[in-house]
Amino acid sequence: MEETVQHNASVPDEGSGIGDHEGAGVEAAGDGAALLDELRAAIGKYVVLPSQEALTAVTLWVAATHIQTALQHAPRLAVISATKGCGKSRVLDVLYETVHDPMMTVNTSPAVVFRTIGKIPPTLLVDEADTIFGPKASGDSEILRGLLNAGHQRNRPAWRISGPEHKPTPFPTFAMAAIAGIGDLPDTITDRSVVLRIQKRKPGEKVAPFRSRYAAPELNALRGRLAAWLAPLRSTAACMVPQMPVEDRAADTWEPLVIIADLAGGHWPAQARAACVAMTRFEAVQDEQTNVKVRLLRDIHRIFERANNPEVLSSQDLVAALIQDADAPWAEHGNKGLNAHHLGFLLRDFDIRPANYRFAGGRQAKAYTRNRFLDGWARHCPHLTEATSEPAHGGAPARPAQGKPPTAPAGSLPIGPPGGPAGPKRTL
């Protein structure tokens, strides 16, 4: 696996309490709120986040990296989007200039991470996570996922045989991490994360151009002031038990951010808790919707399998099979049960859409090709080992509407050649 790691060696140990900020003084008591205001404005200058609550969360997360040694939990920051070009890497660029001891990495191996995290951990910034956790990832992806999961809580080392004497050796895993990628991250990571669902900027949304030569000094100065402000407060932070508006793992994840807000005072304690409630509720809704959609993928896989894995099933037949399952929720979906429109809407997030097909006997209907589901099955239902197998040809329709045999590669619909046999056009 290719390894690309960028480590900011110029950032001193957290224990020193001094950042790369010559001439910057320690923030006076009560000035923490103003410093966080400045940091919030600087982050918002270069990136457009999905909400004001998200901007608040990122600001507090950055500050929390400077007191990692005082924390019991190391929240992950999941920066995800549905498509490329939404600004995920720009978020990591800004984080790199503001967090404690950043370690930027792409396609890294678990061995590198094991040997980088120490008593005073860096802040991991993992880009292109979809290449690490996607369906074509190597076996190392599960090891890295386990490392990121374990590192959410202190005192969860990874044991390995190491050294010339082959002794069992504990490797620390505790470190804050921001993870950016296209598509959802593994559920176990998302569950330990403050989640930013980044979208492309609207035409009216403007940001300042990010050029390291000009942006880095401003952001580095803020990093230095953060380190100087928080250095004498680590022991205080370690003893704090803030009142949390959420429970269980969500409370563990958000507690470091709320601690920072309570240390700063002013409007930040209320603002942090409001962001916590809003963002965790939003993710709860996303989880519920995702669970329904993943259930749909599993049920459709079963329907194709029972039909001997034909190349195509019509929308009508697929809907009928779904609502006939007495144990499934589809007969009661919506007001009158699942229909073809609902089915298309639920599958849209997986980039699965129907097209017009001509079946045996000349019948034309909207239909779904099996190969369009393969990527969704591999990503969201990895236990379905048959998802990558070649479909059987029994029960396949005579031909798609465009007249070309269904031999398209996985993830695409068969499209006839220009000037091919007449037939209805493919519609999405």
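**Before starting.** I noted that this is a predicted model, in which local features need pLDDT of at least 70 and side-chain atom pairs count only at pLDDT 80 or more, while totals for chains, interfaces and linings use all residues. I also noted that residues are numbered from 1 along each chain as its sequence is written, and that side-chain values use heavy atoms, with hydrogens and water left out.

**Helices.** I looked up α11 (residues 268–306) and α12 (residues 315–323), whose axes are 10 Å apart and meet at an angle of about 105°. The two helices are therefore roughly perpendicular, a term for angles of 65 to 115 degrees. I found that L296, D299, I300 and I303 of α11 touch L318, A321 and L322 of α12, where contact means heavy atoms within 4.5 Å.

**Rings.** I then turned to the aromatic pairs, of which the structure holds five; rings of Phe, Tyr and Trp (its six-membered ring) pair if their centres lie within 6.5 Å. F304 and F373 have ring centres 5.7 Å apart and planes at 55°, so I wrote this pair down as tilted, meaning neither stacked (under 30 degrees) nor edge-to-face (over 60). F304 lies in helix α11 and F373 in the loop between β11 (364–369) and α14 (374–380), so the pair ties together parts 69 residues apart in sequence. Both F304 and F373 are buried, that is, under 20% relative accessible area (1.4 Å probe, protein chains only). The rings of F304 and W377, with centres 6.3 Å apart and planes at 75°, are edge-to-face.

Technical notes:
Axes are lines fitted to C-alpha atoms, for helices over the stretch in contact, and angles run from 0 to 180 degrees between N-to-C directions. Helices (H or I, at least four residues) and strands (E, at least two) are DSSP runs, numbered from the N terminus. Angles under 35 degrees count as roughly parallel, over 145 as roughly antiparallel, 65 to 115 as roughly perpendicular and the rest as oblique. Buried means under 20% relative accessible area, exposed over 50%, partly exposed in between (1.4 Å probe, protein chains only).
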